[in-house]
Amino acid sequence: MPVRLAEIVARFGGDLAGDGDRSITGIAPLDSAGPGQLAFLSNPKYRQQLANTRAGAVILMPEMARESPTACVVTPQPYLYFARVAQWLSPQLRPVPGVHPSAVVECDVPASASIGPNVWIGPDAKIGEDVVIGAQCSIGTGAEVGEGSWLHSNVSIYAHCRLGSRAIVHSGAVIGSDGFGFAREAEGAWVKIPQTGRVLIGHDVEIGANTTIDRGALEDTVIGDGVKLDNQIQVAHNVHIGDHCALAGCVGIAGSTHIGVRCTVGGGAILLGHLHIADDVHISAGTLVAKSISQPGNYTGTVPFMSHDDWLKNFSRLRHLDAMADKIRSLESRLATLEKNTK
Amino acid sequence: MPVRLAEIVARFGGDLAGDGDRSITGIAPLDSAGPGQLAFLSNPKYRQQLANTRAGAVILMPEMARESPTACVVTPQPYLYFARVAQWLSPQLRPVPGVHPSAVVECDVPASASIGPNVWIGPDAKIGEDVVIGAQCSIGTGAEVGEGSWLHSNVSIYAHCRLGSRAIVHSGAVIGSDGFGFAREAEGAWVKIPQTGRVLIGHDVEIGANTTIDRGALEDTVIGDGVKLDNQIQVAHNVHIGDHCALAGCVGIAGSTHIGVRCTVGGGAILLGHLHIADDVHISAGTLVAKSISQPGNYTGTVPFMSHDDWLKNFSRLRHLDAMADKIRSLESRLATLEKNTK
Amino acid sequence: MPVRLAEIVARFGGDLAGDGDRSITGIAPLDSAGPGQLAFLSNPKYRQQLANTRAGAVILMPEMARESPTACVVTPQPYLYFARVAQWLSPQLRPVPGVHPSAVVECDVPASASIGPNVWIGPDAKIGEDVVIGAQCSIGTGAEVGEGSWLHSNVSIYAHCRLGSRAIVHSGAVIGSDGFGFAREAEGAWVKIPQTGRVLIGHDVEIGANTTIDRGALEDTVIGDGVKLDNQIQVAHNVHIGDHCALAGCVGIAGSTHIGVRCTVGGGAILLGHLHIADDVHISAGTLVAKSISQPGNYTGTVPFMSHDDWLKNFSRLRHLDAMADKIRSLESRLATLEKNTK
């Protein structure tokens, strides 16, 4: 059902420029949107797409409003505005409530919850109102899933772990597997340390496909409110991740590392164990973080790529960097002697 | 059932050298094959294994035929020849057609398809002829699986995603999870961007175990024909991967990056977002690709490993590389002065 | 049920110092343990926690016994001692034996085994005594699971793979998916090499959540006794991992690499294919191992991270390392000339 552009502005704020009666049926990218669609322009890099857009209306910043060939909604944060409108125009259809006859449910479940085919929910689990549990999920004994949370198919939550309200958990995610803790015998064999802690996850958290979060060893692994974890992230035992952190795909965090609030970590970065990362720290993709970070800011530790031939020439030098430094020191001292003697 | 060597040559081509009546029952590596087995020699590195092989016959290149102590099939591409013969000699046994009584199937399924135990297939899904769906798979509403495709156990395909014909999808793979898209509020909270695109996958694609492919944000994530993805690869939203690319395990590709045709990416490489990678580009294992690549060729960006003590000595210098460059520049200028003065 | 401290010492050895009648109900970290709990002190770094501990008793080394404000168990290896006591005090509750009515089991299963909801076990599989198979696991035709092994939910074991006794396999792990083997046609298309080997896994192995182990191409992939694999590890076809190796999360091992016994590999490290790694080799986190290693020892190949601005300054030099080396050589020769001339 289409909505009038003016109705969007009435609901979400911003300034309307142009025809408020324009009828909007959905959202689309600036360069492919049609007359019934709403687009946005946030990054000035895409400014030239604005001139040729066929979008019904565009959300943009005040400084770009003048350039718009069509109706627009003017707001200082077009992307954030777009996110809110998009959620409203493209709501996810929740499955109908009820427990599928093939599901094995060994606890009470509210009538508003939707429990999919072939699910298992163990004894003493607590399932909140309006929860959706997708096909083939496994919810262990005594685990908790907060109200409004949505687990897609094939998610595993181990016993006694806790997930807050309004979580979104994607397929294949595992919450509460044993941490990797072993003591070594003299002859090299490993003796398992029982992992008796839990995973405690706050509200409004999203967890990506095939992401794994280990339970704590003696204490708990803790994920704060509003944390967003992309796919294939590994969170080891006793890690703490502060509120509103966002971690991109393939990040690995070793045991007992604590990350402050509002941090971001780029894809494939690795954080070693027992570190403390301050609030508002931003780690670049592919960086190995081997020390604690006490100051907010951006941190990077990656090498440039180049053609393979150039790489062979340049990177073989890394084996001799110490020798190069020695040579420079020696050159400096010889030159100083010479300079003195020829004065 | 054994086949005569001459029968293999009649079917797959190449030149027969030696006894065409030799009886072949299977395939094996050159160094362990027995008299009834067919082996191959492709990499000249393993040439010395040829002299001692007990194989019934060997597939090899013309320049090595003379060295063979046994019957052989001579062809310019022994590995490719071997692949074709091996497929013929070791066909995978498809499960019998039919829907297992424990499966929950909410759409029509052809009689030739095999739907395993505890599977869920949602309404309006389209399942092609001869499809095999392994135990505990989940196929969302309106998703499509092309004819002859084989999904191993525990695969999740989200609603409205499309998989072409003759795909092989390994256990734990997830196709169509939400892309990682959020706008940030002033105080640091993240607002989800609905991910309304799909995943569109071509024909003859193989997808490894626990690989994840996110659906597009507004448009689609697109995987071309003949693409081969190894295990634990992460493909973010709006990525395009061109026909006949092959990506090794643990590769991560960030959002909106487009990869040309016939590219290869080594294990653990990370490609940042919004890049364009030309056709016929080959990225080495472990490389972080932070810029677009416009020319075909091999690209690398990794550091050598060494004993930990050598590493401590050499890599600590990286923190002072800029200072080293300054010192060299200063030495050059001082030396030039001195050279002029002592002329 | 509480146990007396003296009873622990009688069972596990070590020297008791202090009140053996102290009642112990569980284990806890040194800094948060209460009067009924047993803690340990292994790393001298945490020595100062000892003075203030409220633990009922502490396991520690002889040289620290004098500093203990409470009863203690003195042993040269406190962490190992703790592991054994913790296993005894915190045994995992095994589910009751029996086959859940929703499970689809096509082979014989011993009465002592516990087969969870919605499991599938194929024909000719061999399930040992006291095995636990969690919800939604899939065990392929002819696969073997040794006695006392515990598979958590959503584990996939492909046909004919073999898991030894007392294994622990976490959710989402995949054992026996096809290795990544293809021959390339002239025009770039890939032809699949059938993967006809198996995965053979020894006794006392632990496999982390979402870890994947590919079956061999022609021969088998082999994991030794006592090997511990963390989460999200990728083990490619034909890899051999020796007894008592421990690999941290997100490690990737390419095809046909052989790793000796008692090796450790840090998180996120990548080992290329066809390498031989000696016994007792320790690879640091994040290291790319591109060559074989013939000597025991510690090996590293990672770059330091720094503030993004410092990184820009220093790491851009890597593109010119070869030129820097040339400049140093030229400086050396010019300086030598000058030194000779001014003598």
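Which residue is the bridge partner of Ile27(A) in E5(A)? Keep that question in mind for the opening view of this predicted model.

**View 1. The five-stranded open sheet of chain A.** In E5(A), Leu38(A) is the bridge partner of Ile27(A). Their strands, E4(A) and E5 (residues 37-40) of chain A, pair in the parallel sense over two bridges. Step back and you can follow the order E2-E7-E6-E5-E4 across the sheet, where the pairing is mixed. At the edges sit E2 (15-17) and E4 (26-27) of chain A, each of which pairs on one side only.

**View 2. The contact between chains A and C.** Here 60 residues from chain A meet 64 residues from chain C. Several elements give two or more residues to chain A's side, including strand E20 (174-177), strand E38 (297-300), helix H5 (308-315) and helix H6 (321-341) of chain A. H6(A) supplies the largest share of that side, with eight residues. By residue class, chain A's side divides into 27 nonpolar, 23 polar and 10 charged.

**View 3. Strand pairing between E38(A) and chain C.** Look for E38(A) beside strand E39 (residues 306-307) of chain C: these strands pair in the antiparallel sense over two bridges. Within this pairing, Tyr299(A) stands opposite Ser307(C) in E39(C).

**View 4. Ile139(B) in the largest nonpolar core.** This core has 216 residues, and those touching the most other members are Ile139(A), Ile175(A), Ile139(B), Ile175(B) and Ile175(C). Zoom in on Ile139(B): beyond its neighbours within four places in sequence, its contacts are Trp120(B), Ile121(B), Gly122(B), Ala125(B), Ile133(B), Val145(B) and Ile157(B). In soluble globular proteins, nonpolar side chains tend to be buried together.

Key. Residues numbered from 1 in each chain as written. Chains lettered and ligands numbered in written order. Predicted model: local features only at pLDDT ≥ 70, side-chain atom pairs only at ≥ 80, totals over all residues. Contact = placed C-beta atoms within 7 Å. Helix = DSSP H or I, 4+ residues; strand = E, 2+ residues; numbered from the N terminus. Nonpolar A, V, L, I, M, F, W, Y, C, P; charged D, E, K, R; others polar. Pairing = 2+ DSSP bridges. Core = buried A, V, L, I, M, F, W, Y, C linked by C-beta atoms within 7 Å. Buried ≥ 20, exposed ≤ 12 C-beta atoms within 10 Å, placed from the backbone.
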